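Hello,

Here is the structure for you to open. My notes follow below it.

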Amino acid sequence: MPEHLDQPERPRRLRASAGIRAMLAETVLEARHLIQPIFVTDGESPEPIASLPGVSRVPLSSLGTKCAELLLLGIRGVALFPKVDPSRKTAEGAEALNPSNLALRAVREVKAKSPGTVVFADIALDPYTTHGHDGVLNAAGTDVDNDRTVEALVKMSLLTAQAGADFVAPSDMMDGRVKAIRSGLDSSGRHGTGILAYSAKYASAFYGPFRDAVGSARKPGEAPISKAGYQMDPANRREAARETALDAAEGADILMVKPAGPYLDVIRDLRNATTLPVAAYQVSGEYAALHAAAEKGWLDLRAARDESLLGIRRAGADLILTYFAEAWARDRAAR
Ligand code: PBG
């Protein structure tokens, strides 16, 4: 008889078989928790995005079919982002308020062809501005003008609600925009349109591939864009509590933290502080980094993907925006 430790506590008993482990898993991830971000193009055919392997811009003509397919896989929510033709961009981003712009046509298309899909429509000016900022600039061109930008976002939200979006999703980080959007929607009778607020959105280095996808990136040789005057400092945790509390008080229906993986503490804080649903955005750079490492043979893509998503759920997110949504749901359906 080998000697045994005097060890009554043996946590490994609860990990002894696949059956026990499955029964005791504390966190679950299901397709209904995932929202697929979709880039929409006016072009004829899908346009692959080099920095987002496996993701293509979807032509407007096949957007309805795409959303219907996602729905069959259990993915109920999509977040739409237009790739606006450069010829339509101006410093003020007026195309955002063109009632037949690509983003609004996309919302109408999804609602016509796949009415069961829940549409989250992005509210910010960056797809429409020549400089790529999320709002209009002040006279000196040195900063985004908060209040003039909010005015544009309210109008944009109204058009988006009229097009049929279930949620408007302001991603701009201007002060007071949730309150202004809520009152703008309500005074036009749009009480039923929800607001998913990008509440704690950080000035992150992980947005690069997204800016390629919507065409808001700086050209090679130009100084990289800094949004640090409105997006949050990655050093800050208390400030996230302030921003999220403000958005809740201003009438947001769902509060979001972005990016997700590097900000799990912020997601957990928010989960503990609010009774509202919490969303997290696993952003383009998080997706691209896992793909790049897997391409080199350094990570198992599926395992790393699943672990990253479970971590975000474990931190407290009810919903996750992720470019992995479709692939994850296909793998789940195949099992
Ligand atoms: C801008 C916006 C960004 C993302 C979503 N909306 C980028 C930015 O702030 O420049 C990034 C999403 C991603 O990286 O996947 N309104």
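I began with the aromatic rings, and there are ten aromatic pairs in the structure. Please keep in mind that this is a predicted model.

One of the pairs is Phe 39 with Tyr 323. Their rings are stacked, with 5.9 Å from centre to centre and 10° between the planes. Distance of centres and angle of planes are how a ring pair is described. This pair ties together distant parts of the chain. Phe 39 belongs to strand S1 (residues 34-41). Tyr 323 sits in the loop between strand S10 (319-322) and helix H11 (325-334). The two residues are 284 apart in the chain.

- Asp 126: a polar side-chain atom lies 2.9 Å from a ligand nitrogen.
- Gln 231: an N or O atom of the side chain is 2.8 Å from a ligand oxygen.
- Ser 284: an N or O atom of the side chain is 2.7 Å from a ligand oxygen.

How much of the ligand does the protein bury? The ligand exposes 400 Å² when taken alone, and the protein buries 100% of that. The space taken by the ligand is the second largest cavity.

Two points on the backbone remain. Most peptide bonds are trans, and most residues other than glycine have a negative phi. The bond between Lys 258 and Pro 259 is cis, with omega at about -10°. Pro 259 lies in the loop between strand S8 (254-258) and helix H8 (264-273).

The other point is Met 173. Its phi is positive, near 65°, and the residue is not a glycine. Met 173 is found in the loop between strand S6 (167-170) and helix H5 (177-187).

Best wishes

Technical notes. Residues are numbered from 1 along each chain as its sequence is written. This is a predicted model: local features need pLDDT of at least 70, side-chain atom pairs count only at pLDDT 80 or more; totals for chains, interfaces and linings use all residues. Side-chain values use heavy atoms; hydrogens and water are left out. A polar contact is a pair of N or O atoms within 3.5 Å; within protein, one must be able to donate a hydrogen and the other to accept it, and residues adjacent in sequence count only if both atoms are side-chain atoms. Accessible areas come from the Shrake-Rupley method with a 1.4 Å probe; for residues, only the protein chains shown count as cover. On a 1 Å grid over the protein atoms alone, a cavity is a set of points where a 1.4 Å probe fits but cannot get out, and a pocket is an open set with protein on both sides within 12 Å along at least five of seven lines; lining residues have an atom within 4 Å of a point. A molecule sits in a cavity or pocket if more than half of its atoms lie within 2 Å of its grid points. Rings of Phe, Tyr and Trp (its six-membered ring) pair if their centres lie within 6.5 Å; planes under 30 degrees apart count as stacked, over 60 as edge-to-face and the rest as tilted. Helices (H or I, at least four residues) and strands (E, at least two) are DSSP runs, numbered from the N terminus.
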